[in-house]
2 protein chains.
Amino acid sequence: MLNYQRTIPTKLYFGKGQISHLEEALKSFGKNVLLTYGGGSIKKIGLYDEVMKILNEGGFNVTELSGIDPNPRIESVTEGVRICREKDIDVILAVGGGSTLDCSKAIAVGTYYEGDDMWEMVVNAEGIAEKAVPLVTILTLSATGSEYDGGGVISNMNTNQKLGRSYTYPAVSICDPTYTFSVSPYQTAAGSADIMSHIMEDYFSRTDDSDLSDGIAETILRSVMKNCPIAIKEPDNYSARANLMTNSSIACSGIPAYGKQETGWPCHAMEHELSAFYDITHGVGLAILTPRWMRHILAKDSTATGRFVKFARNVMGLDGEDEAKLALAGIDALEEYFKSTGIPMTLTELGIDEEHFEVMADHANEEGYLKDAYVALTNEDIIQIYKACL
Amino acid sequence: MLNYQRTIPTKLYFGKGQISHLEEALKSFGKNVLLTYGGGSIKKIGLYDEVMKILNEGGFNVTELSGIDPNPRIESVTEGVRICREKDIDVILAVGGGSTLDCSKAIAVGTYYEGDDMWEMVVNAEGIAEKAVPLVTILTLSATGSEYDGGGVISNMNTNQKLGRSYTYPAVSICDPTYTFSVSPYQTAAGSADIMSHIMEDYFSRTDDSDLSDGIAETILRSVMKNCPIAIKEPDNYSARANLMTNSSIACSGIPAYGKQETGWPCHAMEHELSAFYDITHGVGLAILTPRWMRHILAKDSTATGRFVKFARNVMGLDGEDEAKLALAGIDALEEYFKSTGIPMTLTELGIDEEHFEVMADHANEEGYLKDAYVALTNEDIIQIYKACL
């Protein structure tokens with residue numbers, strides 16, 4: 001087991017009605033609030049009105065930044081920073097899914113950046129910032145885990161770049177599963193695939209003796225595969241939504257990686273290129289890539305077999321004597337599971353062809369990310385994985 | 001799944017050589033350090049010298065409080081508080097196992113208590129204190145989890161009382177598994193039983209749908225049962241010691257209870273009476289009580305069968321069609337495991353008879369603790385469980 005540090009400063013309020021803590025959470029930072037949200041789904045479910053009532057009755061001065069896109073854009077960050085600086089914002093209240101939260105983290109840090117070029121800020125961001133506008137979040141989608149980590153992903157559609165960076169932890173996150181009752185089957189499946197990918201990125205690592213991290217990983221994968229189909233069928237099943245939400249927070253928190261060798265998250269690196277070029281749903285891209293990535297690395301490096309056998313047994317519930325067969329059967333079962341949740345499992349179905357694969361592979365490998373992966377990936381490997389997804 | 005709040009303010013440095021963070025951790029609080037430790041085992045392993053070198057080179061003013069007993073006494077708390085007040089202590093550095101850490105937490109809070117009667121402070125402590133002397137810990141025994149929670153247990157041998165209370169979280173905990181290489185087989189087994197008990201106290205709860213908490217619990221139990229025998233055979237097996245240590249921190253952190261109904265920790269309540277009357281090793285008392293408690297509640301309430309079946313399958317790795325038999329087989333296997341680690345599995349072997357059982361049962365139930373247990377326990381139940389341990 002490798003050394004690690006464990007500190008997550010976020011105060012997480014989990015469960016029905018936890019919005020009762022909102023006023024007290026905001027008040028501790030000040031009166032000037034920047035309220036950030038996405039395309040208006042929070043209005044449909046009545047959450048916007050509920051939040052505004054609390055803000056108005058609490059005497060807060062509220063400025064709104066809405067329209068934050070699914071793959072949040074650098075333009076929203078720039079606009080948010082402008083507001084924070086002009087209005088002397090004390091606290092950012094982000095209401096939404098991972099995109100709104102990620103964008104708000106970049107705004108929180110960008111406000112104290114010396115300079116106005118926010119893309120430059122994103123490119124150069126290194127680790128958790130020392131200074132940031134305090135951030136309070138209310139989560140409406142179980143997926144990215146942004147409510148309980150310090151990272152965020154920002155896109156620049158002009159340069160076809162999508163960069164993941166560390167910014168700041170939310171000070172407080174309110175996670176009420178009832179706010180996810182209205183999430184569509186498609187987004188539920190995609191969000192669940194994202195949760196699972198966060199786990200699998202760390203699970204497939206060269207460290208074999210970190211029992212707790214591996215056990216948490218296996219538990220979350222089994223729990224997501226149990227509860228996602230229930231949530232799709234019964235959107236207001238509280239228990240299923242609650243399990244997905246608590247899984248999402250832990251999956252991306254770093255906890256399932258404690259004591260394990262870093263991997264550079266290869267599927268995320270490859271998927272960010274898909275989203276950057278084609279603006280597809282992140283979780284869908286991950287679900288398509290993952291089984292193909294698995295088959296590729298298993299074929300490339302037979303020392304990976306043992307861990308895939310563990311995955312087949314402990315996660316997919318399979319058994320068998322022939323380890324090579326069992327390893328592959330686990331991957332097949334994972335692909336079948338994704339299919340069963342309604343995810344289109346080829347890039348072709350999304351209208352993507354091989355036109356940009358070379359430059360995408362180049363970008364994905366640019367930061368030297370994929371040489372640290374469980375099985376190191378060259379550009380040629382990545383192109384082959386993309387092609388297997390067609 | 002029930003509502004919960006997740007915040008653990010402790011910064012945990014895990015792994016070999018993490019003592020390199022000690023000076024910086026202490027310095028942030030001030031120069032006047034109270035160094036607390038137990039019976040001198042930290043001198044035997046060279047840790048005392050290592051710590052003193054860092055303290056001297058860092059220019060700290062050090063006062064020592066040593067001789068803190070395994071079931072730490074109120075007298076040590078009183079003495080520590082006197083020193084903190086007199087010497088204007090900025091930070092307490094606790095080096096040792098759970099007893100030293102627990103005692104130091106009570107000192108940290110007691111320093112700001114209005115009054116000099118520290119037993120009164122203990123009796124009346126309610127929840128994490130608002131003000132406490134900052135606490136830095138260096139752990140030398142994987143057992144109580146005191147390095148990553150806010151609680152502590154203090155004994156008053158004059159009144160035969162042993163009370164668990166919430167005090168304060170360590171600000172920083174340094175968990176280096178190599179410091180546990182010299183822990184004896186007996187103490188390794190007892191400490192491991194303590195870790196397991198923390199898990200089982202929450203695992204047997206009426207909430208059935210908290211997948212993540214249950215999965216973490218099952219993982220920790222399996223990991224402890226795998227690694228404790230290895231650590232007993234090969235005391236300096238780093239991986240085994242590391243797994244025990246990381247399990248110990250999480251087991252008592254509350255995380256395996258998130259979203260679950262509280263149980264009042266019945267085995268701990270019953271064991272505290274054993275320690276209070278007979279000063280036995282806490283983990284040994286727990287190991288003796290647990291299987292007897294399990295059989296008693298399973299016989300008393302058949303609705304408990306389902307969870308015992310889950311325990312038999314997911315923790316003890318058993319299988320079978322007959323659920324009633326399987327439930328019992330899981331308990332038998334747990335008792336066998338404890339025996340195999342060298343724990344004396346009867347109170348008789350410890351020289352304890354039924355003389356005080358009635359008053360002990362009375363104390364254990366005094367705070368209304370055991371009516372919230374997975375299966376509620378009357379005084380008569382508790383006496384029967386004690387008797388089954390003879």
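I began with A:D211 and B:K226, whose side chains meet in a salt bridge at 2.9 Å, N to O; I take a salt bridge to be a side-chain nitrogen of Lys or Arg within 4 Å of a carboxyl oxygen of Asp or Glu. Across the interface of chain B and chain A, the rule finds two salt bridges.

Before going on, I noted that this is a predicted model, in which local features need pLDDT of at least 70 and side-chain atom pairs count only at pLDDT 80 or more, while totals for chains, interfaces and linings use all residues. Residues are numbered from 1 along each chain as its sequence is written, chains are lettered from A and ligands numbered from 1 in the order in which they are written, and side-chain values use heavy atoms, with hydrogens and water left out.

**Chain B against chain A**

I then looked up the contacts (heavy atoms within 4.5 Å) and found 37 residues of chain B touching 37 residues of chain A. The buried area, meaning the accessible area (1.4 Å probe) that two parts lose on being put together, summed over both, is about 3100 Å² here, and carbon and sulfur atoms give 49% of that.

I also counted 20 residue pairs in polar contact, both residues at pLDDT 80 or more; such a contact is a pair of N or O atoms within 3.5 Å, where within protein one must be able to donate a hydrogen and the other to accept it, and residues adjacent in sequence count only if both atoms are side-chain atoms. On the side of chain B that touches chain A, the largest share, nine residues, comes from α8(B).

For the strands, I use DSSP runs (E, at least two residues; helices are H or I, at least four), numbered from the N terminus, and I call two strands paired if DSSP finds at least two bridges between them. Strand β1 of chain A, residues 4-6, runs antiparallel to β2(B) and is joined to that strand by three bridges; within β2(B), B:L12 is the bridge partner of A:R6.

**Inside chain A**

I next turned to the two parts of chain A, domain 1 (11-179) and domain 2 (185-388), whose bounds come from an automatic or database domain assignment. Their centres, taken over C-alpha atoms, are 27 Å apart.

Between these domains about 2200 Å² is buried, with 57% from carbon and sulfur atoms. I noted that A:S142, A:N160 and A:K162 supply 26% of the area that domain 1 buries against domain 2, more than any other three residues.

Last, I looked up the charged pairs between the domains and found two salt bridges. A:R73 forms a salt bridge with A:D279, with 3.1 Å between the closest N and O atoms.
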